[in-house]
Protein chains: 2
Amino acid sequence: MERRDRLFEVIENLLRAKNECSCKIFSDCGLSDMTVKQVSYLKTIDEQGEVTFSRLAEITRNSKPTITEMINKFERMNCVYRERSNDDRRFLYIRLTAKGKKIAKVEHDALRQVIERMISSLDESEQDLLIGLLKKIR
Amino acid sequence: MERRDRLFEVIENLLRAKNECSCKIFSDCGLSDMTVKQVSYLKTIDEQGEVTFSRLAEITRNSKPTITEMINKFERMNCVYRERSNDDRRFLYIRLTAKGKKIAKVEHDALRQVIERMISSLDESEQDLLIGLLKKIR
DNA sequence: TAAGATTAGGGAAAACCTAACTAAAGAAAC
DNA sequence: GTTTCTTTAGTTAGGTTTTCCCTAATCTTA
């Protein structure tokens, strides 16, 4: 078997492992049929930190009613909640629940899980060797 | 910086590289806004090899008109074409065009491109070392 | 007459919109 | 200092378009 194919195989296994981890996170949350778009909106909310309806409408280039509708749906899924500002009670902040955060960070957490497996399968010098090799690429 | 974080970083870079390759394949095909579902149908057609409308309806648990509609759309995108069977002229085979095949194999090809980069950045003994390390995981 | 695919026509849900509303805040007039 | 006007944030109501699926009827070949 050629080096090329063996490399392909080991990397593919790594990707498959990561993918299984993210699927598990979705199913643990009971949200296996979320769309790519929905996940990316949760990511945007997460990245922005303090975000209001108007601001999210601006960022995502949607109208405000579209955002209201979307947030209502996320609320029904227990991914977000509304929090009124004390400074100016017209403002509503969109906050992620624990579940919402989990989904927003699904890629990150799945990769973390794979890294944990690596750490438990390789000793420290092997880990350093692997880091060194992967750093050389490109 | 901790080993954990350095590992995370190098693997994340690898994933990002692969992702950029698949995005490039989509945009080269002029099909940047394909849905996950559409790609998975093209994959199914590819995997089946010789597949008729009725058979695809069966596999995907859709009605035959739904398949006709879907294939018409794919035809407009230049991803598939119809080929009538010579044995029994009632049968129509769904065939992938070069573009259709490219999309069906997008994940595979993107990974191949990343592997090529690895091969050009690492010498043979380093490649073997990397394979050995990744094989040890789990 | 039967089987494979298509056409016609339609239903339900998703993903968006505009216009009109409510509630709160800020400013201006008295 | 209260009342009134204006502006801003978000919601509600109602509609359009697109997607994704369906059944029933039709055409073509066996």
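Which helix supplies the largest share of the surface near DNA strand C? The helix is α4(A), which gives 4 residues to that surface.

The model is predicted, so to speak of local features requires pLDDT of at least 70 and side-chain atom pairs count only at pLDDT 80 or more, while totals for chains, interfaces and linings use all residues. Residues are numbered from 1 along each chain as its sequence is written, chains are lettered from A and ligands numbered from 1 in the order in which they are written, and side-chain values use heavy atoms, with hydrogens and water left out.

**View 1. Surroundings of DNA strand C.** Around DNA strand C there are 21 residues (near: a heavy atom within 4 Å), and A:S63, A:T66, B:S54, B:T68 and B:R82 are the closest.

**View 2. Polar contacts to DNA strand C.** The side chain of B:R90 has an N or O atom 3.3 Å from a sugar or linking oxygen of DNA strand C.

**View 3. Polar contacts to DNA strand D.** A polar side-chain atom of A:K64 lies 3.0 Å from a base nitrogen of DNA strand D, whereas B:K37 has a polar side-chain atom 3.4 Å from a phosphate oxygen of DNA strand D. For B:N62, a side-chain N or O atom is 3.3 Å from a sugar or linking oxygen of DNA strand D.

**View 4. Packing of α2(B) and α4(B).** Helix α2 (residues 36-48) of chain B packs with α4(B) at an angle of about 95 degrees, their axes being 12 Å apart, with axes fitted to C-alpha atoms over the stretch in contact and angles running from 0 to 180 degrees between N-to-C directions. The two helices α2(B) and α4(B) are therefore roughly perpendicular (65 to 115 degrees). In their contact (heavy atoms within 4.5 Å), α2(B) contributes B:Q38, B:Y41, B:L42 and B:I45, and α4(B) contributes B:M70, B:I71, B:K73 and B:F74.

How values were computed
Polar contact = N/O pair within 3.5 Å; in protein donor to acceptor, adjacent residues only side chain to side chain. Parallel < 35°, antiparallel > 145°, perpendicular 65-115°, else oblique.
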